[in-house]
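Please open the model in a viewer with side chains displayed.

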Amino acid sequence: MIELLCKPFEIIKSYSGNCTFLLLFVASLFVICIFEKDKVKKSIVAYSSIALLLLFLLPAMPFVFINKLHEGDTYYRFLWLLPMGIVSSYAIFIVISKMKALAFKLISFIIVLVCIIIGGVYMYESPTFYKAENLYELPQCVIDMCDEMTIYEDREYEAVFPDEILQYPRLYSPYISMPYGFETLQFGTGHNSAIHDEMVKDDIDVEKLTNLCEQANIHYIVLNQNRRLDANMDDYHYVYIGSYGDYNLYKSTEMFFGEWKDFEEWKNSKNE
């Protein structure tokens, strides 16, 4: 029970970064409550935010959402209701507007900018973000691989991608499908999670990965070049096609790649 009561505070700690924006938000609430004279504005901007924050921390909320509705992994989304940007911006406007000297206003504005810079992170440091390289605003290596995979546009091809580029193929091509998606990434379980477990290892068991992929009818395997392989992929029915950026593309020698009208003929030839 104690663990359940502490859950909201753990979530705040996990999702507040270095606490700069959280402290700015709390300070802004105090500023608005003290200096804002308009009761309607104060209620909409400050009191509603305080009520939402208290509701998030209320012991009954995590009990219902986590214990009864089994939403422990998504309870943090309740924090999205807090208008932190609006509250902080409005409070900063109040403080600066009350200053008479232009120099003080300028200094205050610079301090706010510094706080925002300190509180944020450079998003391109994350391996899941790429600078725009084309009109699609997708990694060019993903586009090139999808084009290579799509032999006929009247059917889909199953491909396994590393986590950091998993969201991009379906944004570009409807003909590339994947054996696992959001549920596996978010919760660690789901369809073909065994394949995902192998894909995220630094040292990949090639025989195990290729066997799992064959069982799931995977046409292509994309591996980050940083992964170490304990064997040659070519020896396990997946041949090397080429390198695209930081990734190597492998193609199955056992799967069917042709048009569906030719599937029965291909199947019969495999059984002979």
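This predicted model holds 11 aromatic pairs. Begin by selecting Y157 and F257, whose rings form a stacked pair with 6.1 Å between centres and 20° between planes. The two residues come from distant parts of the chain, 100 residues apart: Y157 belongs to strand β1, and F257 to the loop between β7 and α12 (263-271).

Next, select F256 and F263. Their rings form an edge-to-face pair, 5.2 Å from centre to centre, with 75° between the planes. F256 is buried, with a relative accessible area of 7%, whereas F263 is partly exposed at 24%.

Over which rings does R155 lie? One is Y157, where R155 lies over the face at 4.3 Å from the ring centre. Another is W260, where R155 again lies over the face, at 4.3 Å from the ring centre.

In soluble globular proteins, nonpolar side chains tend to be buried together. The largest nonpolar core here has 37 residues, and M149, F161, I195 and I221 have the most contacts inside it. To display the elements around this core, colour α7 (140-149), β1 (157-160), α10 (193-199), α11 (206-215), β4 (220-224), β6 (238-244) and β7 (247-252), each of which supplies at least two of its residues. Which element gives the most to this core? It is α7, with six residues.

Centre the view on F161 and show its surroundings. Setting aside residues up to four places away in sequence, F161 touches M145, M149, L166, P169, I176, M178, Y180, M199 and V222. Among these contacts, M149 is itself one of the residues with the most contacts inside the core.

For the last stop, select I11, L29, A91 and I94. These residues are included in a second, separate core, which has 18 residues.

Technical notes:
Residues numbered from 1 in each chain as written. Predicted model: local features only at pLDDT ≥ 70, side-chain atom pairs only at ≥ 80, totals over all residues. Heavy atoms only, no water. Core = buried A, V, L, I, M, F, W, Y, C linked by side-chain atoms within 4.5 Å. Buried < 20%, exposed > 50% of the residue type's maximum accessible area, 1.4 Å probe, protein only. Helix = DSSP H or I, 4+ residues; strand = E, 2+ residues; numbered from the N terminus. Contact = heavy atoms within 4.5 Å. Phe/Tyr/Trp six-rings, centres within 6.5 Å; stacked < 30°, edge-to-face > 60°. Lys NZ or Arg CZ within 6 Å of the ring centre and 35° of its normal.
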